[in-house]
Amino acid sequence: MTKHHHEDFGDDPDPAEYLFVSLEQKRKDQTKPYDGKKMVWVPDDKDGFVLGNIVSTKGDLCTVDVKGDERTLKKEQLQQVNPPKFEKCDDVSSLTYLNEASVLHNLRDRYINCNLIYTYSGLFCVAINPYKRFPIYTNRVVQMYKGKRRGEMPPHIFAVSDGSYNDMLQNRENQSMLIT
């Protein structure tokens, strides 16, 4: 009996839903209403920032509608909202508007709506601790990331470690990682 040349993962669960944004979710995100001139991030005591729509502007003051509640704020307190194509993006450094509200929204949206705990921020890999186990640290996932370039797979600590390992082998130089 010959052994087939495929990976036998046994009861190793499919990690896809914890690594990739589904096509269904991507389609849903693309249909979100967007008006780059009116939509803004508004500071909020409870949620950090919430979406609002500029109703009127007078000097350096803006009246913003936040879910039916009108608030008047200084223009400088408001932050720009990214177009829907950037929803749940893998790397926040690719956002058109790289501001605190947009970064926090992207991290929150990826984690809360899709269980995606890893997101790149340029050279960094940001992790949100879910305080529960996701099936993303298995041999199956190791194999998925082995030998792949950084942009070929979704953000993951395995991508960072495999990249460092390959750099070490190729360049014959020590590698270091800062985990903080």
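**Cysteines and domain contact**

The sulfur of cysteine 89 lies 12 Å from the closest cysteine sulfur, that of cysteine 114, which is too far for a bond. The model is predicted: local features need pLDDT of at least 70, side-chain atom pairs count only at pLDDT 80 or more, and totals for chains, interfaces and linings use all residues. Residues are numbered from 1 along each chain as its sequence is written, and side-chain values use heavy atoms, with hydrogens and water left out.

**Cysteines**

- Zero disulfides are found in a search of the whole structure; a disulfide is a pair of cysteine sulfur atoms within 2.5 Å.
- Cysteine 89 counts as buried at 11% relative accessibility, where buried means under 20% relative accessible area (1.4 Å probe, protein chains only).
- Cysteine 62 is also buried, with a relative accessible area of 1%.

**Domains**

- The protein chain is divided into domain 1 (13–23 + 82–179) and domain 2 (35–80), with bounds from an automatic or database domain assignment.
- Their C-alpha centres lie 31 Å apart.
- Nine residues from domain 1 and five residues from domain 2 form the contact, meaning heavy atoms within 4.5 Å.

**Interface**

- Domain 1 and domain 2 bury about 640 Å² between them, 53% of it on carbon and sulfur atoms; buried area is the accessible area (1.4 Å probe) that two parts lose on being put together, summed over both.
- Tyr97, Ala101 and Arg108 lose the most area on the domain 1 side, together 53% of what that side buries.
- Zero salt bridges are counted between domain 1 and domain 2, a salt bridge being a side-chain nitrogen of Lys or Arg within 4 Å of a carboxyl oxygen of Asp or Glu.

Note on methods: Buried < 20%, exposed > 50% of the residue type's maximum accessible area, 1.4 Å probe, protein only.
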